[in-house]
Structure formats: structure tokens, C-alpha cells
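I opened this model to look up its strands, helices and loops. These are my notes, in the order I took them.

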Amino acid sequence: MKHTLVRRAAAIRTATALGLAASVLAVPGSGLAGAADTDIVLGGITLARTSATTPFPGITRTVYQDADGMWTVNVMDIDPSRAPITFDGSIGQGMYTTQTVQEMLEQTTGVTSRRPYLGVNGGYFDDGVVLDKANRIYLGDLGGTSMKNGRLLSEAGGGRYAYDPATGKAVGLRPANSVLMLQNGRPYITELATKLTVRLSDDATVSRKVDGVNRLPGRAGHCLRNTDPANTDVTVVGGVCFDPSEIVEFTPEFGARTPAPDALGQTSTTTDDDPGVEVLFNSAGVATSCFHPGATPGGIVSDAPRGGHDVPPGGRALEGTGDGATWLWDNACAGKPVTLHTVVTDTRFGDTVADTWFGRAPVGAVEQPIDPALYATPVGDVLIRDASVVYQVADDTARAWRTAGGADGFGHLFFVTVEGKKGDPAALAAGATRSEFAQVLKALDLVDAVNMDGGGSTTLNLRDQNGNEPPVTTTTDSSPRHVADTVYAGVGGYGLAK
């Protein structure tokens, strides 16, 4: 997508104009830019640089620690102009589950020498849905816009909270969620909104919103949205939305059979209990099966509840509950051709990232496909924007281990982790606040940086001489936590953008 590359190039030029070319110099081992050559001082905390190595061409690892060993800060500076390095991400076995970062990295290829150089945990996910309590395996429902393989894999969340800079208090919700995008060898941080619709192919006036992608109908984790006054059935608890009337789209990347009613057997959640309707579509967008309990079998219709079906290769599945089930039954199950319309908008720059149709597109429609080279993962609060600290919250006291993704004025990708000290009762041993983390990233001269999933999810893995991917930043858990995705720097590289 040329427009995305142009935006990114413009952002890098803007960063240089801000004076970063003079300040981002002399990265150890690279001769260019990145980690600070001097100590990082945050009020009463002084982080001294303890080591600087180049584990792979184009990749610099710099480690900082305070005098008491409360914090260990790992800074991975990745320069794709100095070596053939690929930026990408992985959802592992699929969106239906979680895995450790090491498992996902090692599954990217069957050739040991081609495994990624390094990776970190990726986006926020709904850890309230536990598939295997003993092994801490969760449903891999990412908490916002996710894209891979030219497809939208997860819808936008309701947005992070917006803050009043004068008071530092939350004043409302942003219209989109923050995203770390990796495309053609460059990192890019923005905010993305999604609009998903299913409609009759021959009549645009008969349409309905598609509520989600690759998640349980009835439960939207990290939605952070206010209850819609027009839909009094929706409840919001702890940033999770429960809606008994939805249509959810499933792509082949879900990686498992579609969820059945009450898939988790949770008595506390009833919005996913509806037997509903499910429709399967082949790669051409033609409905091939409709499942509806109590229906008279015939044609594509079967007397069965939704769930338990494989998504057809290259195709889709739609599950409906409540009035969403009614819409699918009245239209797709009745033999009327339907079309899925997906629009992804960059709200930071106000342009369209993707405008795609699955099924028969309207006459005259101009598609803008999702670039297959693009990987996007949903992240948390923006900490640095345009070389300035923008996270300024009045009551920011929560300490945790942290992971960040960012970019400098030269287009380097940065992964930064803050690791606390296990078992120490001191307050600092619990990790950093977001505000402190933002100051660390500012000291590294990053132009844009975001807070990614952290706490027990924080993991940095670095390939060893045997081609394995052991964690070098261990998590706060007794063993590495299962997460929804990983972002990584791997073997490869890109040609010049045209």
C-alpha cells in the first residue's frame, strides 16, 4: 500500500525535523542511533548501562540496571537498513488459543536457521476467557485491530481512554484503538477503526453490522465502550461488553472449529447461550451451509445449532445470536446472496487503510485490499508521539513489568522491556509505572512508542546459537505466560519501496 509507506516516510521526515538527527547518535555496535550512551535518570532512579552487544547484524541489545537491581531494562534496536531483517508477527496456532512467545517463534518455520532473531509478546487479549486453567491457556481474542495475511483478524476495540492534559483525568473514549503496524521493513504506530457490515448483494438497504471477528459471540473483551442507549441488552463489566444479539465473522485464521453455544460452560456469562444461526461461505463468498435448530432440513439448511464447524479454506463463517441470528436466517439461509464489507480507517491520519468486499462487490466498487506484507497488533496507551511524552495521567501509580514497541527518526524498530526483581518486597521491584516507562522511552530518543501487554505477559526471547528461542526476559509468572501473539524481527529483508 503506497499510501501507508508515504505516511510513514513523512513521519520519519517529521521526526528528523524535530531535531532527532542530532540527538539519536552512536548506538553501541551499530554506529547509528538508539540507546542512550549515558545513564538514564528518572528522578531518584538511575539506570546505568551495563552491557551493549550485537547478537545479530543490524540488531543491538543494550541493558540497563539500577544500583539495587530492582529494574532490568532491555533495549532491542533493530535497523533493517544494515542487514536483511524482516518485521512480522505470529498468532501461533490460531486466534482461538494462546501460546508462549517461544512456541510461536519456533513454529514460524521448520528450518531452525531461519527462525526469528528475537520476539516479544504482542497485543492485549481477553485473559478472562480461560480454556485450560492448569496450563494458563486463554482464548486468543486480541483486544483490538489485528491484521495478517491480507485479512482483518480482529475488530477494533472501543478505544483507549482519552485524558485531559490539564488534569490527567480520563474524559472519554478514543474512537479507535492504538496499533503497532509492521510493513515492508518499517514500524508504524497509529490508531485504527473498523467498520464491518453484511448486506444483501443486490440491495444495500438490507444490511446489518458485523459485531466482531474471531471471538465468542456475546463477549467483546477490551471494548471499553459506553452502553449503546438504543440497545439496552448490552452490559459493560470491567471493560468487557456482553451483547446477546450479535453477528461474528470467523476466518480460517481462527484455527479451530467455530464455537458452540455456551462454549465455556460459564454460568456467569449467558449472552453466548443462544443456539442461534451459523452460515458457512466458500472462497467465492457463496453460502454453502446454514445451521438453525428446529429448521426443516433442505437445500443448505440443517436442523442444528451453531458451532463445531471448520471455516472453509479461503472462506468465512458467520455466527448470529439474537436479532443477528434472525438476520442471517431471513437472508443468507433463505438463499439470498450476501456480501461482507470491511473498512479499516487510520484515524490518526484520516485515511483508509483497507476497503474490501467478500462475496459479490457492488457495481463500481473500488477495492483497497489489506497489504499481505502488513502485520498489525492492538496495543495499549500511546506513551510517546512525535518525540514528546503524551501519557500524563494524574493517578498513575500502578507498577508492573512492561513491554513497549517504538520507532526512532531513522525508521528503526525498538522493543523495550522493563523487568522487576522477583521476590523483593520493595515497591520498585514490582516494575515501572506507565509514566516512568514513557520517560525511559523518551531518553532513548524514540519518536513514537506504545505500551504493549505487560505484567506476566512481558517476554523477550532471543535466538541462541542452536536456533532455539529461550526467553531472556523472564515473566513474573513461574513460567512464560501464554499470549495471543508475538511480534518479531526475523531473517529476510525487503527491497526498496516503490
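**Entry 1: strand β13**

I started with β13 (residues 177-183), where seven of the seven residues are buried, so this strand is largely enclosed by the rest of the structure. Buried means under 20% relative accessible area, exposed means over 50%, and partly exposed lies in between, with a 1.4 Å probe and protein chains only. Helices (H or I, at least four residues) and strands (E, at least two) are DSSP runs, numbered from the N terminus.

The model is predicted: local features need pLDDT of at least 70, side-chain atom pairs count only at pLDDT 80 or more, and totals for chains, interfaces and linings use all residues. Residues are numbered from 1 along each chain as its sequence is written, and side-chain values use heavy atoms, leaving out hydrogens and water.

Which way do the residues of β13 point? N177, V179, M181 and Q183 point one way, S178, L180 and L182 the other way, and all are buried.

Next I checked the partners of β13. Two strands count as paired if DSSP finds at least two bridges between them. β13 pairs with β14 in the antiparallel sense over seven bridges. β13 also pairs with β27 (residues 374-378), again antiparallel, over five bridges. I followed M181 across both pairings. M181 stands opposite Y188 in β14, and its bridge partner in β27 is A376. The hairpin of β13 and β14 has two residues between the strands, and N184 takes a positive phi near 50° there.

**Entry 2: whole chain and cores**

The protein chain has four helices and 35 strands. Of its 498 residues, 55% are buried. Contact means heavy atoms within 4.5 Å. Among contacts between residues at least 6 apart in sequence, 68% join residues at least 24 apart. The chain exposes about 19,100 Å², and carbon and sulfur atoms supply 52% of that area. Accessible areas come from the Shrake-Rupley method with a 1.4 Å probe; for residues, only the protein chains shown count as cover.

A nonpolar core is a set of buried Ala, Val, Leu, Ile, Met, Phe, Trp, Tyr and Cys residues joined through side-chain atoms within 4.5 Å. Which members of the largest core touch the most other members? They are I59, I78, I85, L118 and F415, in a core of 43 residues. A second, separate core of 33 residues includes M181, I247, L340 and L374. In soluble globular proteins, nonpolar side chains tend to be buried together.

**Entry 3: an open sheet**

I traced five strands that form an open sheet in the order β5-β35-β6-β33-β34, with antiparallel pairing. Its edge strands are β5 (85-90) and β34 (471-473), each pairing on one side only. Within the sheet, β6 (residues 118-121) and β33 (residues 460-462) pair in the antiparallel sense over three bridges. The bridge partner of G119 in β33 is N461.

In α3 (residues 323-330), the buried residues are G324, A325, W327 and L328. They cover an arc of only 160° around the axis, which puts them on the same side of α3. The arc is that of the directions from the helix axis to the C-beta atoms. What covers these buried residues includes β14 (186-200), β15 (203-209) and β25 (338-346).

In α4, I found R434, E436, F437, A438, V440 and L441 buried. Just after α4, D445 takes a positive phi of about 65°.

**Entry 4: loop residues**

Is Q99 buried or exposed? Q99 counts as buried, at 5% relative accessibility. Q99 is found in the loop between β5 and α2 (101-106). Not counting residues up to four places away in sequence, Q99 touches G92, Q93, M104, Q107, R481, H482 and V483. Q99 and Y138 are 39 residues apart in sequence and 8.6 Å apart in space, C-alpha to C-alpha.

T433 is found in the loop between β31 (413-419) and α4 (434-443). At 5% relative accessibility, T433 counts as buried. Leaving aside neighbours within four places in sequence, T433 is in contact with D396, T397, A398, R399 and R402.

Last, I looked up two positive phi values. Phi of N214 is near 55°, in a residue other than glycine. N214 is in the loop between β16 (212-213) and β17 (219-220), and at 1% relative accessibility N214 counts as buried. D262 has a positive phi of about 50°, although D262 is not a glycine. D262 lies in the loop between β20 and β21 and is partly exposed, with a relative accessible area of 31%.
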